[in-house]
Amino acid sequence: MAGFTDSSRRAFIQRAGLLGAGLGLTSALPAWAANTAADSVPLTPIKLAWGQTAVCQAPISVALKQGFFKKYGLDVEPVNFSGPTDSLLQAIATGQADGGIGMALRWLKPLEQGFDVDLTVGTHGGCMRLLAPKNAGINSVRDLVGKNVAVSDQASPLRNFFAIQLAKQGIDPDKQVNWVQYPADLFGEALRKGEVQAIASDDPQGWLIKKRYDLIEVDNNMNGEYRMMTCCVLGLRGSLVRDNPAVAKAITQAIVDAQQWTADNPEETAKIFAPFVPGNVPIDDIAAMLKEHTHNHHSTGEQLRGEVATYVNELKLINVIRPDTDAQKFADHYVPNLLPAAHDTMKMS
């Protein structure tokens, strides 16, 4: 496929160069993860970027605490990432981090532009929410026409997801809905003041705002075909996947194990992850959020390629992905075969 050869990806990275120190990557190694016993076989050191405040990334804390990384011969240093997504992807592509988890709808455009990052597993679905007050007259996505909707930024995966749902109904999301940018922690206040009539948010903010303001959940990414799709993906640097597929497979398998453990043990996961959530959120609330996500959905291989191709085609509807990008070739290029076919199906509890 033109524009997606390995040589062009390497050339892109050579042009990009190494990043400076201001990317928002800081050591995030908790005390209990640092206390590991000596092994007879040396562990492979890996740096994994981690958005610590995102509840949907709680399985990374599980993998550290429960020893899933060590089980597969990995010595993982979690790196707290607080910068923009493009910088995260560039950090992975240039080797400052070996991988990280993020929303597919945020990552696919940078990949189209040449970032050397492969998607090895879809981690879960269910963390995107469209919320409105009960008296706002907004009971479906179609009711957003003429309304102000709070989003964290104009390229937000939340904005893109609900814009796609509007476009599917013949509504122009750019002209018929007013997307207003606010910091996520001000969403509730903007709603209270009447500056917006709805908010598009992910967890934990979305779940907590819904509870605090007694909002209705107009839509989410657990309806229809999206119930069987991932929203977040693990990305690994392309050079790691090409040059050391055994290590890439080990990282991916450890994440799959941690995702399934989270699905099976949401209360214990909430206890492990609670120290990372700002605002002293009760453990019961964290567990409730996790139960609403599909952490038992860890698609790989052919299934993940199908999900990625679907998202690529849907992003064309809102002019994020170029219309001439071949969705299937894109997915074939960026989703390698690392795990057995058994992981290509969703494990439902």
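A residue counts as buried when its relative accessible area is under 20%, and as exposed when that area is over 50%; partly exposed residues fall in between. Asp98, at 8% relative accessibility, is therefore buried. This model is predicted. Its salt bridges are the topic here. Side chains of opposite charge can pair when their charged atoms come close. Across the whole structure, a search finds 21 salt bridges.

- Buried Asp98 forms a salt bridge with Arg237, at 2.7 Å from N to O.
- Asp98 sits in the loop between α5 (85–93) and β4 (99–103), while Arg237 belongs to strand β11 (residues 232–237), so the pair ties together parts that lie 139 residues apart in sequence.

- Helix α8 (residues 187–192) holds both Arg192 and Glu189. They are three residues apart, which is about one turn of the helix.
- Arg192 has a relative accessible area of 55%, so Arg192 is exposed.
- Glu189 has 29%, so Glu189 is partly exposed.

**A linked network**
- Lys210 pairs with Glu217 in a salt bridge, and their closest N and O atoms are 2.8 Å apart.
- Lys210 is partly exposed at 26% relative accessibility. Glu217 is partly exposed too, with a relative accessible area of 23%.
- Salt bridges link Lys210 and Glu217 into a network with Arg129, Asp203 and Glu292.

Methods: Residues are numbered from 1 along each chain as its sequence is written. This is a predicted model: local features need pLDDT of at least 70, side-chain atom pairs count only at pLDDT 80 or more; totals for chains, interfaces and linings use all residues. Side-chain values use heavy atoms; hydrogens and water are left out. A salt bridge is a side-chain nitrogen of Lys or Arg within 4 Å of a carboxyl oxygen of Asp or Glu. Helices (H or I, at least four residues) and strands (E, at least two) are DSSP runs, numbered from the N terminus. Buried means under 20% relative accessible area, exposed over 50%, partly exposed in between (1.4 Å probe, protein chains only).
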